[in-house]
Amino acid sequence: VAASGGLNVTTYADLMKGGKDGAVIVPNDSANSLLVKIQSEKHYFNLTLDELALVKQWIDAGALEK
């Protein structure tokens with residue numbers, strides 16, 4: 001299922017491909033990953049702080065599939 005920006009998060013490959021505006025995850029760099037920036041903004045906040053922290057850790061560790 002693709003969002004309005006063309007982002008599809010159904011599979012790892014689709015997530016890493018990004019959307020119409022490009023990549024949403026920058027492996028090893030959560031601070032520059034659009035996914036983290038969007039989820040960190042209060043009006044877009046869909047994750048708990050603990051979940052967001054796990055996403056940041058995963059991205060900073062290379063955003064590996066397994």
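Ala-23 sits in the loop that runs between helices α1 and α2, and in this predicted model the residue counts as partly exposed because its relative accessibility is 46%. Once residues up to four places away in sequence are set aside, Ala-23 touches Gly-18 and Leu-34. The C-alpha atom of Ala-23 is separated by 9.1 Å from that of Leu-7, a residue 16 places away along the chain.

**Confidence of the prediction**
- Across the protein the mean pLDDT is 87, and 88% of the residues reach 70 or more.
- Among the elements of the protein, helix α3 has the highest mean pLDDT, at 94, whereas helix α2, made of residues 34-40, has the lowest, at 87.

**The salt bridge in helix α1**
- The count of salt bridges comes to one, and it is formed by the side chains of Asp-14 and Lys-17, with a distance of 3.8 Å from N to O.
- Both Asp-14 and Lys-17 belong to helix α1, which covers residues 12-17, and they stand three residues apart, or about one turn of the helix.

**The aromatic pair between helices α1 and α3**
- One aromatic pair is found when the whole structure is searched, and it joins Tyr-12 and Trp-58, whose ring centres lie 6.4 Å apart and whose planes stand at 75 degrees, so the pair is edge-to-face.
- Because Tyr-12 lies in helix α1 and Trp-58 in helix α3, which spans residues 49-60, the pair ties together parts of the chain that are 46 residues apart in sequence.
- Tyr-12 counts as partly exposed, with a relative accessibility of 27%, and Trp-58 is likewise partly exposed, at 27%.

**The nonpolar core and Val-36**
- The largest nonpolar core has seven residues in all, namely Leu-15, Val-24, Ile-25, Val-36, Leu-52, Ile-59 and Ala-63.
- Val-36, one of the residues of this core, is in contact with Ser-30, Leu-52, Val-55, Lys-56 and Ile-59 when its neighbours within four places in sequence are left aside.
- Leu-52 and Ile-59, which are among these contacts of Val-36, are also listed as members of the largest nonpolar core.

Note on methods. Residues numbered from 1 in each chain as written. Predicted model: local features only at pLDDT ≥ 70, side-chain atom pairs only at ≥ 80, totals over all residues. Heavy atoms only, no water. Salt bridge = Lys/Arg side-chain N within 4 Å of Asp/Glu carboxyl O. Helix = DSSP H or I, 4+ residues; strand = E, 2+ residues; numbered from the N terminus. Phe/Tyr/Trp six-rings, centres within 6.5 Å; stacked < 30°, edge-to-face > 60°. Buried < 20%, exposed > 50% of the residue type's maximum accessible area, 1.4 Å probe, protein only. Core = buried A, V, L, I, M, F, W, Y, C linked by side-chain atoms within 4.5 Å. Contact = heavy atoms within 4.5 Å. pLDDT = per-residue confidence, 0-100.
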